[in-house]
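I opened this structure to look up a few local features and write them down.

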Amino acid sequence: MHSETVAQLKEGLRARRYSAVELARSLLARIERAQPELNAFISIETEQALAAAAEADRRLAAGNAPPLTGVPIAHKDIFCAAGSRTTCGSRMLANFVSPYDATVVARLRAAGAVVLGKTNMDEFAMGSSNENSYFGPVRNPWDLTRVPGGSSGGSAAAVAARLVPAATATDTGGSIRQPAALCGVTGLKPTYGRVSRYGMIAFASSLDQAGVLARSAEDVALLLGAMAGFDARDSTSVERAVPDYVAGLNQPLRGLRIGLLKEFFDAGLDPNIEVLLRTALEQLRAQGAVLQEVSLPNLPLSVPTYYVVAPAECSSNLARFDGVRFGHRCENPRDLKDLYERSRGEGFGPEVKRRIMTGTYVLSAGYYDAYYLKAQRVRALIAADFARAFETVDVLISPTTPTAAFELGAKTSDPVTMYLNDIYTIGANLAGLPAISIPCGFVNALPAGLQIVGPHFAEERLLNVAHRYQQESDWHQRAPEAYR
Amino acid sequence: MSLNRADIENIAHLARLALSDAEVPVYAESLSRIIALVGELDHAATAGITPMSHPLPGLSQRLRADEATETDQRELYQRNAPQVMAGLYMVPRVIE
Amino acid sequence: MAWETVIGLEIHAQLATHSKIFSSSSTTFGAVPNAQANLVDLGYPGVLPVLNGAAVRMAVMFGLAIGAQIAPRSVFARKNYFYPDLPKGYQISQYELPIVAGGHMDIVLEDGSARRIGITRAHLEEDAGKSLHEGLPGLSGIDLNRAGTPLIEIVSEPDMRTAKEAVAYMKKIHTLVRYLRICDGNMQEGSFRCDANVSVRQVGAEKLGTRAEIKNINSFRYVEKAINFEVARQIEVLEGGGKVVQETRLYDPDRGETRSMRSKEEANDYRYFPDPDLLPVELDAEFISGLAAQLPELPDQKAQRFASQYGLSPYDASVLTASTELADYYEQVVRELGGEPKLAANWVAGDLSGFLNRDGLEIGHSRIAPAALAALLARVRDNTISGKIAKDVFEAMWQDQQSADAIIAARGLQQITDDGPIKAAIAAVMAANPGQLADYRAGKDKLFGFFVGQAMKATQGKANPARLNELLKQLLGG
């Protein structure tokens, strides 16, 4: 059961090859066994899961059950779930029980999915290695001495280790795609505004998007279909019909125009990954795609741009964590100032504090124009570069990350070194574009990912290309030895 | 552009973050590196470019109908509160 | 040294919407603490703001009424600072691109002078919650019911030069927002609040002096007192060789003075930036003209009509049009009376308003209805009673809820207009005061007033004053 995809599980449940309760029990047992070494979960919600699975079985028996009934999933612990501890990977919310459901959570619940627990993550979604969690680092199932990527490391590891067939996640600068690449799974960040942000604890409001990690493009399509769509509670949610993402998966790729991002095949890229990428491109060419090189000259400025905009927005978004209405409060505050400073000083980890301070600085009097406004102008240039590229190509392809998974502790001494991991992924967030990472091979037995970026609302196209590639390759079906 | 002790203390105060004496120089160093990274933006030619606050162009704010639909759920919402008295959130005395 | 005062006012008016500006919580005043604070108002993790269309429409109506430009595109910005009544740690406001820019308000003072006060801008923002300190040792209690209530912040140019001008401007804005039905103007409940920026400079100086901001003044009387105190204070500081500190101050009505607010010692760096959770508000010409068509008769239009239709001075017209309710009351009195607009104006603006103020009543709760007042004024017009006696009748009507005629009859207050009784009274007074009579006839003209008073007393104040005067002149003259 654990190696079945969402698509297969749907079929298995409907055919009553197993019940939802059996399925849930089996995966919960795997989760418990894996927890000491992977630490992929923050909360394992056994009771609630079994109750939901029992309900799923009742609905399956009755007929007319919603599309994902009985399918086990996990939520990144950034999504508020009613009655569920929602920590965002932080001491600040270590004991926070959400009184409400995020829209994503409510929609997947309505679709019948059974939630097994909340996955580990970099604190407040800030990180590229899942080493910044208050609840300890997550380890890569392919090599326990290495990171799974971040910030959605727990979700990616859980999917890669076959603990759940799919998990929700979020992506602000690459936090779905980068862990997908490092863990050998498929991860999609939708177009900005495609999926509601209501109930998703905010990091950088103009960059955050909710998405999916699973083991195939088809599975991603199934979950995205349940999650996506306009939400009146989110002013940045777009009023646009949600297509059937599964229907277009098998479209032939003949005539597909693929752009290769010149700026990303640079010195920083591991040459082994480049080889894997070129091989994958040949496979796509064999299916009828046409390749051309494109240049997005402002793209190299993505990382500096992001490290102005994201910290600025997060410094403001995290101001609500003040020990007054919820969250961590220090003991015996002397006065109001002490309440704020110590509650926040104790509640937030170092990376979060770094980003809050960076954001405070770039917004402060005298620096706003030089940093924030400047960054938003460069952002416009980057978005324009992408728009221009999409006039001549249908999708852009690049490596997802410059290297495969690195060792725990290898990049923690200098924050900037860590930030450079996101060099290929950040552009899509700045421009609000949809992007997917799919496994394309191995480097020294570690997974490598290929990223496909499309114009706004081109999720169908991305899933189609990914699916057609996955029909002709099996990288996405490989499992880490210990978790087969 | 590197940040010194006074800069960090000022920023930490604006952000209401308690930093120990030992932490200040550590953050000064890492923030200086980040600001140096960010300094690369200086090279970009952005004259005449409108700053982009939202990634999808051409969208405008939807207006909601003026209806009071929320109900009193104080008890539920205050379950996470560190200190509540008579329905009020308690904090150390605010001096005006 | 001749000093000039420079005053600018920032007025915060709560918009009279049913729900809050960014959430669907109720805005009703007086609920139990935190019963009207939902997840969005509380700034819970993961929540997002959604803009109330009624707040936008009200702001546009205000902008149109003051002759301002309505921004076709306006932006919400975050004003970042930490305070317990500010749940998100930032206030959603508008900064560089407000919804309303420019505009003016014309004021008329008691002495008849008129001034045009410029308005810099008006923008939408959310209100903060409240801190309660009573009976809580070492602690404050935060109530967030008010957090998220829509406000319009109206910023004037520093065009006012006296406290009286400031009060007149504040009253005019108060009148306007009530005419437009966008704010109930209830200052006790905090629906209408005023901050005054006050500075002084030497007459003829071009640069503005350093200003102090007096925050949250919630009555017209206090505004005048606070400004006057502050001006005197600043002049004293400067004449003593000191400098005025740019700071925030509070007016203490018990002591009649302004004092510095301890908690705001340092200037805040608000780090404004456009709120990424909200998109730009875009209003097209059709939207705006649709609202323009819905504007009611505005205070200035009504005042001008009153001045020309009823022959009133601009000042009197402005007093009577201070609210639509008062203006309607006045017009009803004139209709019932079938004329005498000036007489009606004196009584409505004078006695009636005085009694309403004394008893803390709005015109809608007046204890004398327009028809009843008109009936009283009819008795003045037809000389049944003098104007002086009418004041007593008015008070009795207010107290006892009886008609003018009933009171006049019950107390026998009819004016004496027949010569007979008046002459008799005069004769009696002359006989009783031979000395004064002789002095008067010898040339002491001032004694005339003495005889008027005595004769009036002898008739229990009921003698027709004009006739009494005529007859006295005749009879005293000898």
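The entries below cover a helix pair, some backbone details and a sheet.

Entry 1, the model. I note at the outset that this is a predicted model.

I looked up how helix 8 of chain C, residues 324–337, sits against helix 10 of chain C, residues 370–381. Their axes come within 8 Å and cross at roughly 50°. From helix 8 of chain C, the contact uses Tyr329(C), Gln332(C), Val333(C), Glu336(C) and Leu337(C). From helix 10 of chain C come Pro370(C), Ala371(C), Leu373(C), Ala374(C), Leu377(C), Ala378(C) and Arg381(C). Sorted by class, the contact between these helices has nine nonpolar residues, one polar and two charged.

Ser151(A) belongs to the loop between strand 3 (114–119) and helix 5 (153–160) of chain A.

I then checked Ala125(A), which is not a glycine and yet has a positive phi of about 70°. Ala125(A) is also placed in the loop between strand 3 and helix 5 of chain A. Is Ala125(A) buried or exposed? Its relative accessible area is 2%, and under 20% counts as buried, so I recorded Ala125(A) as buried.

Glu340(C) has a positive phi too, of about 55°, and is not a glycine. I located Glu340(C) in the loop between helix 8 and helix 9 (341–358) of chain C. Glu340(C) has a relative accessible area of 34%, so I recorded Glu340(C) as partly exposed.

In what order do the four strands of the open sheet run? I read the order as 1(B)-2(B)-10(C)-9(C), with antiparallel pairing. The edges are strand 1 (84–85) of chain B and strand 9 (130–132) of chain C, each of which pairs on one side only. I followed strand 9 of chain C to strand 10 of chain C, residues 139–143, and found three bridges joining these antiparallel strands. Within strand 10 of chain C, Gly141(C) is the bridge partner of Leu132(C).

Methods:
Residues numbered from 1 in each chain as written. Chains lettered and ligands numbered in written order. Predicted model: local features only at pLDDT ≥ 70, side-chain atom pairs only at ≥ 80, totals over all residues. Heavy atoms only, no water. Axes fitted to C-alpha atoms, helices over the stretch in contact; angles between N-to-C directions. Helix = DSSP H or I, 4+ residues; strand = E, 2+ residues; numbered from the N terminus. Contact = heavy atoms within 4.5 Å. Nonpolar A, V, L, I, M, F, W, Y, C, P; charged D, E, K, R; others polar. Buried < 20%, exposed > 50% of the residue type's maximum accessible area, 1.4 Å probe, protein only. Pairing = 2+ DSSP bridges.
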